[in-house]
Amino acid sequence: MKIGLVGFAGSGKTTVFNAMTGLNVPVGFGGELHLGAVRVPDRRIDALARIFQPRKTIYAEITFADIPGEHGAEKRGLSRKAIQQIRDQEALCLVLRAFPNPALEGAPDPLADLEAFHAECVLADLELVERRLERGKREKANPLELAAFEMMRAALEAERPVRALPPEELHREYLKGYALLTDRPLLVALNVAEGDAALALPPALAHRIAELSAAGLVLSASVEAEIASLAPEDQAGFLADLGLTESALDRFIRTAYGLLALLSFFTVGKDEVRAWTIRRGTHARQAAGRIHSDLERGFIRAEVTPCEVFLKYGSEQAVRDAGRLQLEGKDFIVSDGDILNIRFNV
Ligand SMILES: Nc1nc2c(ncn2[C@@H]2O[C@H](COP(=O)(O)OP(=O)(O)OP(=O)(O)O)[C@@H](O)[C@H]2O)c(=O)[nH]1
Ligand SMILES: [Mg+2]
C-alpha cells in the first residue's frame, strides 16, 4: 500500500516520515520526494514463523511517500508538482501543524489548514471533472459515465469530497484512470507539540474530519522520532511517561487498515511464511491472484484455516485430523487472518 504524506510547508511531514520509516532525511528544507517502506507488525506472522521456521518471513508493507510542501509566496498552496505527486498515491495522510514552528509566522491553525487543503483538492478535481464533461459531451460519451461525472461535479461544487458519495450511486468503474484527489481515502494526522501527545482530537476538528469522510489521529512527530531512536526495551517506558500506550506507527497502521478496509491473509510453508494485503470483501479467487496470476487463472479451490485455529492445533495434519480444514470455492470471502493454500491447475 502506498500512502502519501501531504500538507503545507513546515507541518512536519518529513519528521513523521523519518519516525515511521526509521530513515533520516533532512527536515525543514522542503526538497525532493522521498520514499520509505515500513513493515506492518503482525504477531500472527511471528507465531507462524516460529512453527514453520521458514527460510523467508515476509510481513505486509506500507510505503510512505514524503511529498514536500510549497515554499515561498503562497503559504497554504499546493504546487502543480505536489498535486501530480499526490495523484500517484493510493491513500493520503494529511499532516496538520498544531505545534509552534519558529520558522513560520503566526500561531498554528490546523482547522484552517484542513479547509485550505480540502479547497485546493476540490478545485483541482473540479477542473478535471469539468474538462472530462466538456469532452464527453462533444464526443457523445457513454451517458452513464457522463452521469457519474455530473454527480461528482455537483458534489464538488457543494465542496463535498468524491469519497463521501455513496458507492452504490457513484459508478466507480468510470473513474479508473482519473486519479481524483478528493476520492483518495484520507487520514488526518494532527501533529502536536511534545506535551500534547496524549490529547484527543479537538471536537471541531474531529467533526470536520468526519464530515469529509476521513479518519483522524493525534501524534507528535518529534516524540515519535525520539521513540524510534530508542532501543525496543526502552520504548514502552518512554510512552508510558507521556501517557501513551502505543507508538503512533502502530495506531497509524491500524487506523489506515480500517480506513482502507484492508485485511491480511497468509500463506505458509517451510520456504516462506507471508502476509498478503487485500481489501475486505475480496473473493478467494481474486486473493489467489494477489499471489500469482496462474493461481487465479487455474483456481480450483482454496484450503482455508483461520490463523487462530491453526495456532490452536499447531500443524496442518492436526487441523486436518480435527476436521477443521475448510475447502472453499472461488466465491468464498476471505477473512482477516485466514491461511490460504490454493489448489490450481494451469
Ligand atoms: N516542536 C516540534 N517541532 C516539530 C514537530 N514536527 C516537526 N517539527 C519541526 O518543524 C520543522 C519542519 O518540519 P518538517 O518535518 O521538515 O516539515 P515538512 O512538513 O516536511 O516541511 P516541508 O518538507 O518543507 O513541506 C522542523 O524544524 C521540525 O524539527 C513536532 O511535533 N514538534
Ligand atoms: Mg519535508
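Where is the place of Pro-161? Pro-161 sits in the loop between helix 5 and strand 6 (186–192). The legends below start from the ligand and return to this loop later.

This is a predicted model, in which local features need pLDDT of at least 70, side-chain atom pairs count only at pLDDT 80 or more, and totals for chains, interfaces and linings use all residues. Residues are numbered from 1 along each chain as its sequence is written, while chains are lettered from A and ligands numbered from 1 in the order in which they are written.

**Figure 1. The shell around ligand 1.** There are 20 residues around ligand 1. Gly-12, Lys-13, Thr-14, Val-27 and Gly-69 come nearest. A residue is near a molecule if its C-beta atom, placed from the backbone, lies within 6 Å of it. Two elements give two or more residues to this shell: helix 1 (13–21) and helix 7 (221–229). Helix 1 gives the most, with three residues. Helices (H or I, at least four residues) and strands (E, at least two) are DSSP runs, numbered from the N terminus. By class, the shell holds six nonpolar, 13 polar and one charged residues. Here Ala, Val, Leu, Ile, Met, Phe, Trp, Tyr, Cys and Pro count as nonpolar, Asp, Glu, Lys and Arg as charged, and the others, Gly among them, as polar.

**Figure 2. Helix 1 against helix 7.** The axes of these two helices come within 8 Å and cross at roughly 25 degrees. That makes helix 1 roughly parallel to helix 7. Axes are lines fitted to C-alpha atoms, for helices over the stretch in contact, and angles run from 0 to 180 degrees between N-to-C directions. Angles under 35 degrees count as roughly parallel, over 145 as roughly antiparallel, 65 to 115 as roughly perpendicular and the rest as oblique. The crossing of helix 1 and helix 7 is left-handed: the near helix is turned anticlockwise from the far one by less than a right angle, whereas clockwise would be right-handed. From helix 1, Thr-15, Val-16, Asn-18 and Ala-19 take part; they meet Ala-221, Ser-222, Glu-224, Ala-225 and Ala-228 in helix 7. Two residues are in contact if their C-beta atoms, placed from the backbone, lie within 7 Å. This contact divides into five nonpolar, three polar and one charged residues.

**Figure 3. Helix 4 against helix 5.** Helix 4 (residues 110–138) and helix 5 (residues 143–157) pack at an angle of about 150 degrees. Their axes are 9 Å apart. That makes helix 4 roughly antiparallel to helix 5. Their crossing is left-handed. On the helix 4 side, the residues include Val-122, Leu-126, Val-129 and Leu-133. Helix 5 brings, among others, Leu-146, Phe-149, Met-152 and Leu-156. By class, the contact has eight nonpolar, one polar and seven charged residues.

**Figure 4. The loop residue Lys-140.** Lys-140 lies in the loop between helix 4 and helix 5. Its phi is positive, about 50 degrees, although Lys-140 is not a glycine. Most residues other than glycine have a negative phi. Is Lys-140 buried or exposed? Lys-140 counts as exposed, with 8 C-beta neighbours inside 10 Å. A residue is buried if 20 or more other C-beta atoms lie within 10 Å of its own, exposed if 12 or fewer, and partly exposed in between, with C-beta atoms placed from the backbone.

**Figure 5. Helix 4 against helix 6.** The axes of helix 4 and helix 6 (residues 203–211) come within 10 Å and cross at roughly 15 degrees. That makes helix 4 roughly parallel to helix 6. Helix 4 passes helix 6 in a left-handed crossing. Pro-110, Leu-111 and Leu-114 in helix 4 meet Ala-204, Leu-205 and Arg-208 in helix 6. This contact has five nonpolar, no polar and one charged residues.

**Figure 6. Pro-161 and Ser-213.** Pro-161 counts as buried, with 23 C-beta neighbours inside 10 Å. Leaving aside neighbours within four places in sequence, Pro-161 is in contact with Thr-182, Leu-212 and Ser-213. Ser-213 is found in the loop between helix 6 and strand 7 (215–219). Ser-213 counts as partly exposed, with 16 C-beta neighbours inside 10 Å. Phi of Ser-213 is positive, near 55 degrees.

**Figure 7. Helix 8 and the glycine after it.** Helix 8 (residues 232–241) is hardly covered. Among its ten residues, the count of buried residues is zero. Gly-243 follows helix 8 and has a positive phi, near 80 degrees.
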